[in-house]
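Here is a friendly note to read alongside the model.

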Amino acid sequence: MEHTYSVGSNPVYYDKQNLHVLFAGESQTLPVHQAGPKIYDYYLLHFIESGYGQFTTEHRKYSLGPGDCFLIHPGQLVSYVSDRQQPWRYRWAAFTGADADALVLQAGFAPQQPVLQTAEGTVFPSALAGMMQAFYANKESAHLTSLGYLYLVIGEAAERHLSASRLPGAESQVKRTVKQMIHYMASQYAHPVSIEQMCGSLGYNRAYLSRIFKQETGLSPVTYLLKLRIEKSRQLLRERPELSVEQVAASVGLTDALYFSRQFKRFCAQSPTAYRLATARHGEK
């Protein structure tokens, strides 16, 4: 078996960016090829494409194979050695920056749990290969491209970590779905979206979503979205006196200014214009 090794380095120099991929590479190792024991001052992520080997940290030893990945944390004494019979072929990427620690925690890669088993169709090998190819192209934009690939990898790792740690059962599923609905409305209220569109986006039947939403919040989705829009409009009426009532209505996703005024009065017991005058008079913030 022939030993192969190639690495691409980021053409943009690391100068204390919040997140930065330093280099990415691939290697077919020889039997019993060993790295370490040593300490790195950056994160180093490996994905095993084929073959086997052993990864040793300060905490324990891991026997790993195809589809496994391991993350070396900065400042940790580690070593890794390929199998005698079937030495591993792996891809890797090194990254650093002020945001790296939080990102790694989100992905579930604690120093005591640095190993992840990926699933079929994983984005890891293509993303790591994409980083290396971007660096070989030697364009300054490769810095941004490599961050995109890194976020894809971290996103998949975070999802697998969350899936493994979620509580089983219908109740946790219901709470998660309601949280998704609230996030959807909070991000989309400024657009004239409907509850039907939200249900379609989340892939659930409207009757089911309305029922569980009311169970959890005490409000129907329609009322919740309307209240959210009125609350946002109150803020605009207070803070943006140059906007007309029609512009405020449109800014919270309600294109019919008359309907907006009617609903505003229903929730706030006064018209938008009267509310604006009253808050201006009292200097309400």
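1. **Ground rules.** This is a predicted model, in which local features need pLDDT of at least 70, side-chain atom pairs count only at pLDDT 80 or more, and totals for chains, interfaces and linings use all residues. Residues are numbered from 1 along each chain as its sequence is written, and side-chain values use heavy atoms, with hydrogens and water left out.

2. **Helix H2.** Helices (H or I, at least four residues) and strands (E, at least two) are DSSP runs, numbered from the N terminus. H2 covers residues 124-137. Among the buried residues are Phe 124, Leu 128, Met 131, Met 132 and Phe 135.

3. Asn 138 follows H2 and sits in the loop between H2 and helix H3 (142-165). Its phi is positive, about 60 degrees, although Asn 138 is not a glycine. Is Asn 138 buried or exposed? With 56% relative accessibility, Asn 138 counts as exposed.

4. **Helix H7.** This helix spans residues 221-239, 19 residues in total, and reaches 27 Å from its first C-alpha to its last, close to the 27 Å expected. Its buried residues are Pro 221, Leu 225, Leu 226, Leu 228, Arg 229, Ile 230, Ser 233 and Leu 237. While you look at them, remember that an α-helix has 3.6 residues a turn, so residues three or four places apart point the same way.

5. **The two sides of H7.** Ser 220 lies in the loop between helix H6 (206-217) and H7, and is partly exposed at 23% relative accessible area. The side chain of Ser 220 makes a polar contact of 2.9 Å with that of Thr 223. A polar contact is a pair of N or O atoms within 3.5 Å; within protein, one must be able to donate a hydrogen and the other to accept it, and residues adjacent in sequence count only if both atoms are side-chain atoms. Leu 243 is in the loop between H7 and helix H8 (245-251). Leu 243 is buried, with a relative accessible area of 16%. Leaving aside neighbours within four places in sequence, Leu 243 is in contact (heavy atoms within 4.5 Å) with Leu 236, Val 248 and Arg 276.

6. **His 20.** You will find His 20 in strand S2. Its relative accessibility is 1%, so His 20 counts as buried. Not counting residues up to four places away in sequence, His 20 touches several residues, including Asn 10, Tyr 14, Phe 95 and Leu 147. A polar contact of 3.4 Å also joins the side chains of His 20 and His 143.

7. Val 32 lies in the loop between S2 and S3. This residue is not a glycine, yet its phi is positive, about 60 degrees. At 39% relative accessibility, Val 32 counts as partly exposed. Gly 36 and Pro 37 are joined by a cis peptide bond, with omega about 5 degrees, and Pro 37 is found in strand S3.

8. **The largest pocket.** Its volume is about 210 Å³. Of the 15 residues that line the pocket, Tyr 5, His 46, Tyr 80, Tyr 90 and Trp 92 lie nearest its centre. Strands S2 (20-28), S3 (34-38), S4 (43-50) and S9 (89-96) each give two or more residues to the lining. On a 1 Å grid over the protein atoms alone, a pocket is an open set of points with protein on both sides within 12 Å along at least five of seven lines, a cavity is a set where a 1.4 Å probe fits but cannot get out, and lining residues have an atom within 4 Å of a point. Grid points are joined across faces, edges and corners, and a volume is the space filled by probe spheres set on the points.

9. **The cavity.** How many cavities of 30 Å³ or more does a search of the whole structure find? The search finds one. The largest cavity has a volume of about 30 Å³, and its lining includes Phe 55, Leu 71, His 73 and Pro 114.

Notes
The expected span of a helix is 1.5 Å times one less than its number of residues. Buried means under 20% relative accessible area, exposed over 50%, partly exposed in between (1.4 Å probe, protein chains only).
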